[in-house]
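Let's take a walk through this structure together. Have the sequence and the 3D view open as you read.

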Amino acid sequence: MLAAKFAARAAAARRPGARLSSTVAGPSSYRLVVIGGGAAGLAVSSTLSEKLGANEVAVIEPSAVHYQQPLFTFVGGGLKSFADTHRPTADVIAPGAKWIRQAAAAIDPAQNTVTLADGARVSYEYLVVAAGIELDFAGIKGLEAAIGRDGVASNYSPKYVQKTFEFLQNVRSGNALFTMPATPIKCAGAPQKIAYLADELFREKDARHRVNLSYYTALGKIFAIDKYADAMNSVAQSRGIDVNLFHDLVEVDGPAKKATFQILGSGPRAGESVTVPYEFLHVTPPMKPYDFIKRSPIANAAGFVDVNQYTLQHSRFPNVYAIGDCSSLPTSKTAAAAAAQAKVLKHNLLRQIRGSDGPAASYDGYTSCPLVTGKHKLVLAEFSGYTGKPHETFFFNQANEHAFSYWLTADVLPEVYWNSMLKGTWSGPAAIRRVANPASSD
Ligand code: UQ1
């Protein structure tokens, strides 16, 4: 029944002129709709638009610009130019895919439709949700008014990332604060990486002895995986950066240059709040699933797309998949994770479309977090979020700061991102690992 409906819709969609633009009444129809033109959405749609044929795949993406977000920390630290981080969306969407330049507003998985911001509907046979996660600057009192001026910046937004470097250069003395929220976030290393780059900048300017650097995290550890937590605690200590656990930023008073933290956890000061003056404040905003997902039947209780953690297929709607930051996958949200997930998702979706009885692919929770600690130094964390175990590509101990790891992340991976990940041909370093660290391969 469902198959017949799909076949009828697919046949209708194949008629000449059936590619209705979203401003024309009636739903346009695609074999596959991908919500999101970020790293994950493009890695999936590039390959599948090639495999399924021209105009069988639509990508719903409102932004005219695509950002390579992994570069943002380097921009905030003055090590890369902002111009290197973005390209027009039109240049990175696969030529065989149809770009619907609008935001998704609702998903109806019973009807197999996505409603767009202008009210038009797009119907699909298969849906991949790769919408990312929303920055919630409004979630902290006073932050929206304060950010972008008077020493408050964030590497998480293309609007404010250049402010980070600008403001850091102006600091002569006082407190520089770096925050990490209590919500799930993307790139869990970024909140502290900028503290290490700031430390280096202040030393170069001979201002370090007049600036106190403090890292404030709402969490109870500096990093989720013990091996890298130990490494980062030593790095922070050796640079003289004060680490405050269980401190959640709740208010920024821009005019007075003061940040207020609530103390979490179960320690003696839990529930208290502390207010700290700053000259510079790097904020990692709280993040949340997009509303249109949260309100839809495909979300779990937390608002993330409820998928099987191994197959990436939806737990209740078998023609729906999710990947990356919007998914319920219980691992760290990074581009490296999305690359590994993309390979699994594409295999399993094609298997379903083709009715193959070959084995399904399984995602093992792999993720990687390159923790830049200075101009030519980097701790290259690689692990499975499912097992909590390190899973390193190279034969040396990647918890040590290394110039090779820096070069790889700053100079090689950005090219891999544009030339391979977005084209769907990079699925992570597993093949390199088999050669460079066979003992760690599975
Ligand atoms: C990775 O695969 C990837 O995807 C392109 C990144 O995004 C920019 C990364 O930062 C990292 C670290 C990886 C993992 C790759 C290697 C070689 C460890």
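What follows starts at the ligand and then moves on to a helix, the cysteines and a histidine.

First, some ground rules: this is a predicted model, where local features need pLDDT of at least 70, side-chain atom pairs count only at pLDDT 80 or more, and totals for chains, interfaces and linings use all residues. Residues are numbered from 1 along each chain as its sequence is written, and side-chain values use heavy atoms, with hydrogens and water left out.

Let's begin with the ligand. It has 14 residues around it, with Ser368, Pro370, Glu382, Leu413 and Trp426 the closest (a residue is near if one of its heavy atoms lies within 4 Å of the molecule). Helices here are DSSP runs of H or I with at least four residues, strands are runs of E with at least two, and both are numbered from the N terminus.

What is the shell made of, by residue class? Eleven of its residues are nonpolar, two are polar and one is charged. The nonpolar class is Ala, Val, Leu, Ile, Met, Phe, Trp, Tyr, Cys and Pro; Asp, Glu, Lys and Arg are charged, and the others, Gly among them, are polar.

Now for helix 7, residues 190-204. Of its 15 residues, 13 are buried (under 20% relative accessible area; exposed is over 50%, partly exposed in between, with a 1.4 Å probe and protein chains only). After the helix comes Asp206, with a positive phi near 60°.

On to the cysteines: the model has zero disulfides, a disulfide being two cysteine sulfur atoms within 2.5 Å. For Cys326, the nearest cysteine sulfur is that of Cys187, 17 Å away. For Cys369, the nearest is also that of Cys187, at 4.8 Å.

Finally, find His282 in strand 17 (residues 280-282). His282 counts as buried because its relative accessibility is 0%. Its side chain reaches the backbone nitrogen of Asn155 at 2.8 Å.

How values were computed. Expected span 1.5 Å × (residues − 1). Polar contact = N/O pair within 3.5 Å; in protein donor to acceptor, adjacent residues only side chain to side chain.
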